[in-house]
Amino acid sequence: MNWPLVTVYIPTYNRPEMLERAVDSVLSQGYDNLEILVVDDSSESIHQKKLEQLSCQKGFTLLTNRHQKGACGARNTAIMNAKGLFITGLDDDDEFLPNRIEQMLEAFDHEKYAAVSTTTFVQLGNNDRVLRNADRGVFHTEDQLHYNKIGNQVFTLTERLKSIGGFDENLPAFQDYDAWLRLSCDYGPILKIDLPSYITHTEHENRISSSSQKKERGLQLFRQKHAALMNKEHKKSLKLLEMQHSGKKIPLWELFSVISTKNWKPAVSLYLDQNVPSLAKHIRLLKLMMARAR
């Protein structure tokens, strides 16, 4: 059978040790016809040498941004150089579980969906792992305007990511949310399958794209950019996102002022995290146990 080429892009900056785990997780896939594009976002010279060594050892293509452009600038470098018919992404501090590529390729009907994504695991400190599977199914543009129901990675046709211009480098945060929304506007709904095959590692500091101030500014710009698409309920949901990233404890009355049938899941999660953290932890543990039992 003629298996199509799939590009996996990985942005990195000064983290060759973490990158090696990410690359190994791609090489461990059951799917062999892969192009791995690692984009070094102008790392320090000592790390550049290690990246060059890893490229020779692991057999991936190493691209380098001569000037630092940020995580999304690095992703865009990879997207514009990708040769695969299909494409998906991986952050250098995260990893794929085996068979991820095969599962997404099998689930992706490019005539029905703009892209496909999966539920994910989040690795916390002390070996704790959380399953993020509250949202799964088919999500249209109207659904996605409430919050990012897709996640941080999708699997799609390479030409589609290229046609939307990749990620918006002018946004300091929510670039993935913005990209999936534009992808859906142009090509239709996105399918999210309940087969968690991606591990997001948060047990270390300094993820490649994280900052509360960046998120606040990014959300403001996101609202301005997509205001024409939003109705009153969408604006309530974005207000809830502001609350989530404010770092402040939200009074119940204020939470009720923005809750709706479209955003009740993150609203309930926020309330439990802030007011009954032990219950929130037990619910997540139960979800993880149920996923492992399947």
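This is a predicted model: local features need pLDDT of at least 70, side-chain atom pairs count only at pLDDT 80 or more; totals for chains, interfaces and linings use all residues.
**Notebook: salt bridges, strands and a helix pair**

I started with Asp 93, which is buried at 0% relative accessibility; buried means under 20% relative accessible area, exposed over 50%, and partly exposed in between, with a 1.4 Å probe and protein chains only. Residues are numbered from 1 along each chain as its sequence is written, and side-chain values use heavy atoms, with hydrogens and water left out.

**Entry 1: the partner of Asp 93**

I looked up which side chain meets Asp 93 in a salt bridge. The partner is Arg 15, at 3.5 Å from N to O. A salt bridge here is a side-chain nitrogen of Lys or Arg within 4 Å of a carboxyl oxygen of Asp or Glu. The pair links distant parts of the chain, 78 residues apart: Arg 15 sits in the loop between strand E1 (6-12) and helix H1 (16-27), and Asp 93 in the loop between strand E4 (86-89) and E5. I took the element names from DSSP runs, numbered from the N terminus, with helices (H or I) of at least four residues and strands (E) of at least two. Arg 15 is buried too, at 12% relative accessibility.

I then searched the whole structure and found 13 salt bridges. One of them joins Lys 225 and Asp 168 at 2.7 Å, N to O. Lys 225 belongs to helix H8 and Asp 168 to the loop between helix H6 (158-163) and H7, 57 residues apart. Is each of the two buried or exposed? Lys 225 is partly exposed at 37%, whereas Asp 168 is buried at 17%.

Next I followed Arg 182, which I found in helix H7 (residues 175-187). Arg 182 is buried, with a relative accessible area of 17%. Leaving aside neighbours within four places in sequence, I list its contacts (heavy atoms within 4.5 Å) as Ile 164, Gly 166, Phe 167, Asp 168, Lys 225 and His 226.

**Entry 2: H8 against H9**

I checked helix H8 (residues 212-225) and helix H9 (residues 232-246): their axes come within 10 Å and cross at roughly 170 degrees. The axes are lines fitted to C-alpha atoms, for helices over the stretch in contact, and angles run from 0 to 180 degrees between N-to-C directions. That crossing makes H8 roughly antiparallel to H9; angles under 35 degrees count as roughly parallel, over 145 as roughly antiparallel, 65 to 115 as roughly perpendicular and the rest as oblique. On the H8 side I noted Ser 212, Lys 215, Glu 216, Leu 219, Phe 222 and Arg 223, and on the H9 side Leu 238, Leu 241, Glu 242, His 245 and Ser 246.

Two of these contact residues, Glu 242 of H9 and Arg 223 of H8, also form a salt bridge at 2.1 Å, N to O. The two are 19 residues apart in the chain. Glu 242 is partly exposed at 28%, and Arg 223 is partly exposed at 26%.

**Entry 3: strands**

I turned to strand E11 (residues 190-193), where both faces are covered: Ile 190 and Lys 192 on one side, and Leu 191 and Ile 193 on the other, are all buried. Strands count as paired if DSSP finds at least two bridges between them. Strand E6 (residues 115-118) runs parallel to E11 over four bridges, with Ser 117 opposite Lys 192. Strand E9 (residues 137-139) pairs with E11 in the antiparallel sense over three bridges, and there Gly 137 has Lys 192 as its bridge partner.

I also logged an open sheet of four strands in the order E5-E12-E7-E8, with mixed pairing. Its edge strands are E5 (95-96) and E8 (129-132), each pairing on one side only. Inside the sheet, E7 (residues 120-123) and E12 (residues 198-201) pair in the parallel sense over three bridges, and Phe 121 has Ile 199 as its partner in E12.

**Entry 4: two asparagines**

Most residues other than glycine have a negative phi, so I flagged two exceptions. Asn 14, in the loop between E1 and H1, has a positive phi of about 60 degrees. Asn 99 has a positive phi of about 75 degrees and lies in the loop between E5 and helix H4 (100-107). Asn 99 is partly exposed, at 35% relative accessible area.
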